[in-house]
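Colleague: Please pick one part of this model and take a close look at its packing. What does that part touch, and how?

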Amino acid sequence: MEKEKLIRLVRLAQEKDLEAQQALYLDSYRSVYYLAIKLLGDADSAEDMVQETFIAAFGNLQNLQYPEAWYGW
């Protein structure tokens, strides 16, 4: 995703825009899932971890100071 679009989506998501949150989720899901599967080795556990990760991320999104850091954050 291009940097300007990412920044815009993160800022909207920080304002509780559900469409922006969904767009960030859909864009990031695959990489988070593959990391979880690599770490845990089990698809069900990986799904649980992904869910917990995104709940925590969106619950604390107001703490993300640099929107372009979304992927690493």
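Modeller: Contact means heavy atoms within 4.5 Å. My part is helix α2, and I start at Ser28, which is found in it. Leaving aside neighbours within four places in sequence, Ser28 is in contact with Phe54, Trp70 and Tyr71. Ser28 counts as buried because its relative accessibility is 3% (buried is under 20% relative accessible area, exposed over 50%, partly exposed in between; 1.4 Å probe, protein chains only).

A word on the basis. This is a predicted model, where local features need pLDDT of at least 70, side-chain atom pairs need 80 or more, and totals for chains, interfaces and linings use all residues. Residues are numbered from 1 along each chain, and side-chain values use heavy atoms, without hydrogens or water.

Helix α1 spans residues 3-14 and helix α2 spans residues 18-40 (helices are DSSP runs of H or I, at least four residues, numbered from the N terminus). They pack at about 130 degrees, with axes 7 Å apart (axes are fitted to C-alpha atoms over the stretch in contact; angles run from 0 to 180 degrees between N-to-C directions). From α1 come Leu6, Leu9, Val10, Leu12 and Ala13; they meet Ala20, Gln21, Ala23 and Leu24 in α2. This contact holds eight nonpolar residues, one polar and no charged (Asp, Glu, Lys and Arg are charged; Ala, Val, Leu, Ile, Met, Phe, Trp, Tyr, Cys and Pro nonpolar; the others polar).

Between α1 and α2 lies a loop that contains Lys16. Phi of Lys16 is near 70 degrees, a positive value in a residue other than glycine. Lys16 is exposed, because its relative accessible area is 52%.

Next comes α3. The axes of α2 and α3 come within 8 Å and cross at roughly 135 degrees. α2 and α3 are therefore oblique too. Here the crossing is right-handed. Residues of α2 in this contact include Leu24, Ser28, Val32, Ile37 and Leu40. On the α3 side, Ala43, Met49, Val50, Phe54 and Phe58 are among them. The contact divides into 14 nonpolar residues, four polar and one charged.

Finally, the core. The largest nonpolar core has 16 residues (buried Ala, Val, Leu, Ile, Met, Phe, Trp, Tyr and Cys joined through side-chain atoms within 4.5 Å). Val10, Leu24, Phe58, Leu61 and Trp70 touch the most other members. α1, α2 and α3 each supply at least two residues. α3 gives the most, with five. Val10 touches Leu24, Leu61, Leu64, Pro67 and Trp70, not counting residues up to four places away in sequence. Leu24 belongs to the α2 side of both helix contacts, with α1 and with α3.

Terms used: Angles under 35 degrees count as roughly parallel, over 145 as roughly antiparallel, 65 to 115 as roughly perpendicular and the rest as oblique. A crossing is left-handed if the near helix is turned anticlockwise from the far one by less than a right angle, and right-handed if clockwise.
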